[in-house]
Amino acid sequence: MILCNFFASLIRYVSNHKLLSFVLVLSLINFILFCDSSVRWESYIISREDAMTWTMAILSLLVALLIGWNIYNALDLNKRVKHIEEENIRIINNTERALVDIQIRANDALNKQDRNRIQTEEYCMGIVDFLQGFSIIGENGNYMQAYRIFVSSILHFTRCNNKVHSNIDASLNNMEVCLNEAYQSDYDNIGNLLDFEFAINEIIQSSSAEFTANQKERFILLENRRKSSIHEDKL
């Protein structure tokens, strides 16, 4: 039973390899020629010596073919291995580029989210300052303190990209109200001048699209009016 399975497996293997089948057939013919003392083909007689000579020649040829076939398979295998290595390198490079692209996209998304968060915070602080300045005017009439807070609201509005054009206009209007209602002697009662001057300079140098040239010009005129009134009062 084991021998039958072996021959069955051998037949299946040989049937899948044409060159091996050819070699086995030729080997079988050579074996027959070698075992028979002579073979007569029509009127021609092949002696044992001739048969052995032809057998050795054919076997040598078959051995050469098998060696050549093995060399070809080895070269083809090396070619396939090289192709697989190149394909693996290409896949690795593509994967690395994809990972870098994902990282860049993730960083851009995080930066965008962070910018949006900062702009939202600036917008909210601008609204809070505006409401606080408006409430100060109504409660105790401390106009210069309110003036400073309205300047702060404009500073926050210029730091965000929200639609704040009308908010800046409202702050400028209230700044003008504060200058009109405050006593001239109170104009220099603005608090910490260093921080206030930093805020003024940042607003003037702002490149926000929501802070128009007309609004900037009006802001500068209000500030010049406040400073000139302080100078006149001291004289």
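Predicted model: local features only at pLDDT ≥ 70, side-chain atom pairs only at ≥ 80, totals over all residues.
**Figure 1. Arg105 and Asp101 share helix H3.** Both residues lie in helix H3, which covers residues 48-139, and they stand 4 residues apart, about one turn of the helix. Asp101, at 35%, counts as partly exposed.

Figure 2. The closest N and O atoms of Arg117 and Glu121 are 2.9 Å apart. Both residues belong to helix H3, with a spacing of 4 residues, about one turn of the helix. Arg117 is partly exposed, its relative accessible area being 41%. Glu121 also counts as partly exposed, at 38% relative accessibility.

**Figure 3. A salt bridge links Glu197 and Lys227.** The side chains of these two residues meet at 3.9 Å, taken from N to O. Glu197 lies in helix H6 (residues 193-204) and Lys227 in helix H7 (residues 213-234), so the pair ties together parts of the chain that are 30 residues apart in sequence. Glu197 is partly exposed, with a relative accessible area of 27%. Lys227 is partly exposed as well, with a value of 36%. Elsewhere, salt bridges that share partners join Glu122, Arg159 and Glu202 into one network.

**Figure 4. Tyr123 and Phe157 form one of the aromatic pairs.** The count of aromatic pairs in the structure comes to 3. In the pair shown, the ring centres of Tyr123 and Phe157 are 6.2 Å apart and the ring planes make an angle of 55 degrees, an arrangement classed as tilted.

**Figure 5. Thr158 stands in helix H4.** This helix comprises residues 143-158, and Thr158 is part of it. Is Thr158 buried or exposed? Its relative accessible area is 10%, and Thr158 is therefore buried. When neighbours within four places in sequence are left aside, Thr158 is in contact with Ile168, Ser206, Ser208 and Phe211.

Figure 6. How many disulfides does the structure hold? The number is 0. The sulfur of Cys124 has its closest cysteine sulfur in Cys160, at 9.1 Å, which is too far for a bond. A disulfide would require the two sulfur atoms to lie within 2.5 Å. Cys124 is partly exposed, with a relative accessibility of 42%. Cys160 is likewise in no disulfide, the nearest cysteine sulfur being that of Cys124. At 0% relative accessibility, Cys160 counts as buried.

**Figure 7. Four residues make a nonpolar surface patch.** Val63, Ile67, Ile71 and Leu75 together form this patch, which covers about 380 Å². Leu75 has its place in helix H3. With a relative accessible area of 55%, Leu75 is exposed.

**Figure 8. The whole chain gives the setting for the close-up views.** The chain has 7 helices and 2 strands. From the N terminus on, its elements run in the order α-α-β-β-α-α-α-α-α. Considering the contacts with a separation of 6 or more, 67% are accounted for by residues 24 or more positions apart. The accessible surface of the chain comes to about 16600 Å², and 61% of that surface belongs to carbon and sulfur atoms.

Note on methods:
Residues numbered from 1 in each chain as written. Heavy atoms only, no water. Buried < 20%, exposed > 50% of the residue type's maximum accessible area, 1.4 Å probe, protein only. Contact = heavy atoms within 4.5 Å. Phe/Tyr/Trp six-rings, centres within 6.5 Å; stacked < 30°, edge-to-face > 60°. Patch = residues over 30% accessible without salt bridge, like charges linked within 9 Å, V, L, I, M, F, W, Y side chains within 5 Å. Areas by Shrake-Rupley, 256 points an atom, 1.4 Å probe, with all protein chains shown as cover.
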